[in-house]
Amino acid sequence: MTEHTPAATSGAVGADGEAAALEHVRHAERAAGNLPGLPRVDAGWRPGHAAVVGAGTMGGGIAMALANAGIPVTLIDRSTHDLDRGLSRVAANYASSVRRGRLDAADADQRLALIGRATDMAAIGQADVVVEAVFEELAVKQDVFGAIDRHARPGTLLATNTSALDIDAIASVTSRPEDVIGAHFFSPAQVMRLLEVVPGAQTAPLTVARLMALGRLLGKAPVRAGNARGFIGNAMLFDYHREALFLLEEGAFPADVDRVLTQFGFAMGPFTMTDMAGHDLAVDSRRRAIATRPTGRRYCDLDLWLVDLGRLGQKSGAGWYRYVDGDRTPHPDPDLNRQLAEYSARIGIERRRIGADEILERCLYALVNRAAWLLEQGVAAQPSDIDLVYVTGYGFPARKGGPLYWADSVGSADVLAAVERLHRQHGVWWEPAPLLVQLARTGAAFADLGAAANGVLS
Ligand SMILES: NC(=O)c1ccc[n+]([C@@H]2O[C@H](COP(=O)([O-])OP(=O)(O)OC[C@H]3O[C@@H](n4cnc5c(N)ncnc54)[C@H](O)[C@@H]3O)[C@@H](O)[C@H]2O)c1
């Protein structure tokens, strides 16, 4: 590493700076809820009954979020066995809140009693809101939406919790695409505040307004996102993880990267986070995708290599770290680190010492540059939406206001200079977003962009 800008990526903010950043996040939440062109939803509007299809990790959490807001909900799955498993996980979550003194037992019982069960999709007929949370496969979701369409009353809000599928492709199997919308909750859904609200091409404004209102009823921070791959949050996460993995190939170890990012203020580093989520999600489709990816750019498949080693994350006792039975503390693993060093040698990379500044630059500017692209493409409507997504869904420190508020504290000219340097060093992934170039050239900040920024300075 030769040139870089330590001051730009330093973690320091004073108490005044912190208070201003927290105020920015509060303001971002109000701004995200204040979408131009949407009909008003009655202040007293609330669904009388909800249905959640799929009683897995997400469906159970979403049912809890609804019950916690006092909304009766029917959890629907394919079999009694699937329902038993899902509902016992819900009951265990409530029991754990009671044990930890966060909820009293009577309240827990009351909430649990609001969650009904069904294996027959006809149960959807009594719902004002349906949230689908079945497997992440288009054919399965289309099948489920066909059934939802047959059973739901006219005017029912039909939401899908897909993380990555096209909302239009799901809506297309129904006779009412105007009522269909993406409702991207985050795990655990009863806890995480972020809700990405993702309209399809034919979603009616009233459907958007209702999902935003429902999100607020559930105590969430709803943010509208465009129907593009990864929406806002996961599109940015892709770039962040990519850089984190490249750093491992080049010389860093998982604990180095995680330590620097938690010192910056993230709730946890990327490797602790993916160890928690598990590495074996969609492995087959990830392997298949290798054959068709564009050539002429660098990719990193270390995460698949980890699966080949049988290190699936916390659940298998080892991932980027090793774990001791019954304990979630990540312990650096010299064995894995030695294997990483061998891996680098095998792919012809001479490992080097990587400093904290470079780790911060590569991970944080990857977020900022992608965010600028998303604004430009209209996937995010305004810079503060990006900040809200990252603070409420991805553990970015609220006291730093979010990635773009933080980028403004660095200054657009300095951010662009770093991104251009990284582009020269690392190639096409770092192509600077035209919006970032425009801000830097005009001496403007992300904060100067109005709502519905889309690359236009207000
Ligand atoms: N797990 C996460 O962190 C996360 C986060 C955000 C969004 N999502 C999305 O949420 C959805 C669900 O993910 P998950 O992790 O809860 O999956 P999961 O495998 O834990 O649960 C899926 C459930 O759907 C049920 N199901 C499958 N087909 C069905 C059908 N035809 N009818 C009724 N029920 C059916 C299964 O029996 C299972 O209980 C996916 O679209 C996923 O991409 C997941």
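A: Let's start with the element names: helices (H or I, at least four residues) and strands (E, at least two) are DSSP runs, numbered from the N terminus. Residues are numbered from 1 along each chain as its sequence is written. This is a predicted model, where local features need pLDDT of at least 70 and side-chain atom pairs count only at pLDDT 80 or more, while totals for chains, interfaces and linings use all residues.

Q: Where is Pro188 found, and what joins it to Ser187?
A: Pro188 sits in the loop between E6 and E7. A cis peptide bond joins it to Ser187, with omega at about -5 degrees. As background, most peptide bonds are trans, and most residues other than glycine have a negative phi.

Q: Which loop holds Phe231, and what is its phi?
A: Look between E8 and H9. Phe231 isn't a glycine, yet its phi is positive, at about 50 degrees.

Q: How do you know that E6 and E7 pair, and in which sense?
A: Two strands pair if DSSP finds at least two bridges between them. Strand E6 (residues 180–185) and strand E7 (residues 194–199) have five, in the antiparallel sense, so they meet the cut-off. Phe185 stands opposite Leu195 in E7.

Q: What order do the eight strands of the open sheet take, and what makes E3 and E8 stand at the edges?
A: The order is E3-E2-E1-E4-E5-E6-E7-E8, with mixed pairing. Strand E3 (115–118) and strand E8 (221–224) each have a single partner strand, so one side of each lacks a neighbour in the sheet. From one strand to the next, the twist averages 25 degrees.

Q: Which helix lies across E4, E5, E6, E7 and E8?
A: That's H8 (residues 205–217), running at about 170 degrees to E7. Such angles are taken between N-to-C directions on a scale from 0 to 180 degrees, with axes fitted to C-alpha atoms (for helices, over the stretch in contact).

Q: Why are H3 and H4 called oblique to each other?
A: Their axes come within 9 Å and cross at roughly 50 degrees. Angles under 35 degrees count as roughly parallel, over 145 as roughly antiparallel, 65 to 115 as roughly perpendicular and the rest as oblique. H3 and H4 are therefore oblique.

Q: Which residues of H3 and H4 meet?
A: Gly59, Gly60, Ala63 and Met64 in H3 meet Gly86, Arg89, Val90 and Asn93 in H4, where contact requires C-beta atoms, placed from the backbone, within 7 Å. By class, that's three nonpolar, four polar and one charged. Ala, Val, Leu, Ile, Met, Phe, Trp, Tyr, Cys and Pro count as nonpolar, Asp, Glu, Lys and Arg as charged, and the others, Gly among them, as polar.

Q: What makes H9 roughly antiparallel or parallel to H15?
A: Helix H9 (residues 233–250) and helix H15 (residues 356–376) pack at about 155 degrees, axes 8 Å apart. That angle makes them roughly antiparallel. H9 passes H15 in a right-handed crossing. Their contact includes Ala235 and Leu247 of H9 and Ile359 and Leu374 of H15, and its residues divide into 11 nonpolar, no polar and four charged.

Q: How many residues surround the ligand, and which are closest?
A: There are 24, the closest being Gly54, Gly56, Met58, Glu136 and Ser187; the cut-off is a C-beta atom, placed from the backbone, within 6 Å. Helix H3 (57–68), helix H4 (80–99) and helix H6 (138–151) are the elements giving two or more residues, and H3 has the largest share, three. The shell divides into 11 nonpolar, nine polar and four charged residues.

Note on methods
Contact = placed C-beta atoms within 7 Å. Left-handed = near helix turned anticlockwise from the far one by under 90°.
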